[in-house]
Amino acid sequence: QVQLVESGGGLVQPGGSLRLSCAVSGIIFSITRMEWYRQAPGKQREMCAIIGSGGTTAYADSVKGRFTISRDNARNTVYLQMNTLKPEDTAVYYCKAVQVESGKLNNYWGQGTQVTVSS
């Protein structure tokens with residue numbers, strides 16, 4: 001059974017920082033692409049950052065230069081370091097595991113963690 005558990009969300013002032021973690025079990029983490037998404041109230045879920053199994057990263061324009069995605073294969077954990085946070089970063093943040101098995105793409109999601117940026 002694949003499980004993704006996010007943590008690290010909370011309330012932070014504009015300009016502050018948070019680090020989100022996503023612990024993964026039930027999957028061969030080292031060969032799995034990991035992604036962070038977010039969903040603000042009344043908006044569609046959007047991709048924030050991606051990290052491939054080899055460490056290649058990609059970011060949405062809205063977070064580029066402020067957010068950093070990283071992974072620790074020894075701990076089966078992916079991180080999202082968020083700096084210079086803005087009120088518009090307020091959202092529920094989700095991690096996603098993308099697994100390729102027998103030619104089929106399987107997506108697994110965590111339950112989400114709330115990030116609120118407000119003074």
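User: What does "buried" mean when one reads a residue in this structure?

Analyst: Buried means under 20% relative accessible area. The model considered here is predicted. Tyrosine 94 is buried, because its relative accessible area is 14%. Tyrosine 37 also counts as buried, at 15% relative accessibility, whereas tryptophan 109, at 36%, counts as partly exposed.

User: How many aromatic pairs are there, and how is such a pair described?

Analyst: A pair of aromatic rings is described by the distance of the centres and the angle of the planes. In this model the count comes to two aromatic pairs. Tyrosine 37 and tryptophan 109 form an edge-to-face pair, with 5.0 Å from centre to centre and 65 degrees between the planes. This pair links distant parts of the chain, since tyrosine 37 belongs to strand E4 and tryptophan 109 to strand E10, 72 residues apart. For tyrosine 94 and tryptophan 109, the centres are 6.4 Å apart and the planes stand at 85 degrees, so this pair is edge-to-face.

User: Which charged residue lies over the face of tyrosine 94?

Analyst: Arginine 45 does, at 3.7 Å from the ring centre. The charged end of arginine 45 also sits over the ring of tryptophan 109, 4.6 Å from its centre.

User: Which residues of strand E11 form its covered face, and which its uncovered one?

Analyst: In a regular strand the side chains alternate between the two faces of the sheet. In strand E11, Thr113, Val115 and Val117 make up the covered face, while Gln114 and Thr116 make up the uncovered one. Strand E2 runs parallel to E11, joined by three bridges, and strand E9 pairs with E11 in the antiparallel sense.

Notes: Residues are numbered from 1 along each chain as its sequence is written. This is a predicted model: local features need pLDDT of at least 70, side-chain atom pairs count only at pLDDT 80 or more; totals for chains, interfaces and linings use all residues. Side-chain values use heavy atoms; hydrogens and water are left out. Buried means under 20% relative accessible area, exposed over 50%, partly exposed in between (1.4 Å probe, protein chains only). Helices (H or I, at least four residues) and strands (E, at least two) are DSSP runs, numbered from the N terminus. Two strands pair if DSSP finds at least two bridges between them. Rings of Phe, Tyr and Trp (its six-membered ring) pair if their centres lie within 6.5 Å; planes under 30 degrees apart count as stacked, over 60 as edge-to-face and the rest as tilted. A charge sits over a ring if NZ of Lys or CZ of Arg is within 6 Å of the ring centre and within 35 degrees of the ring normal.
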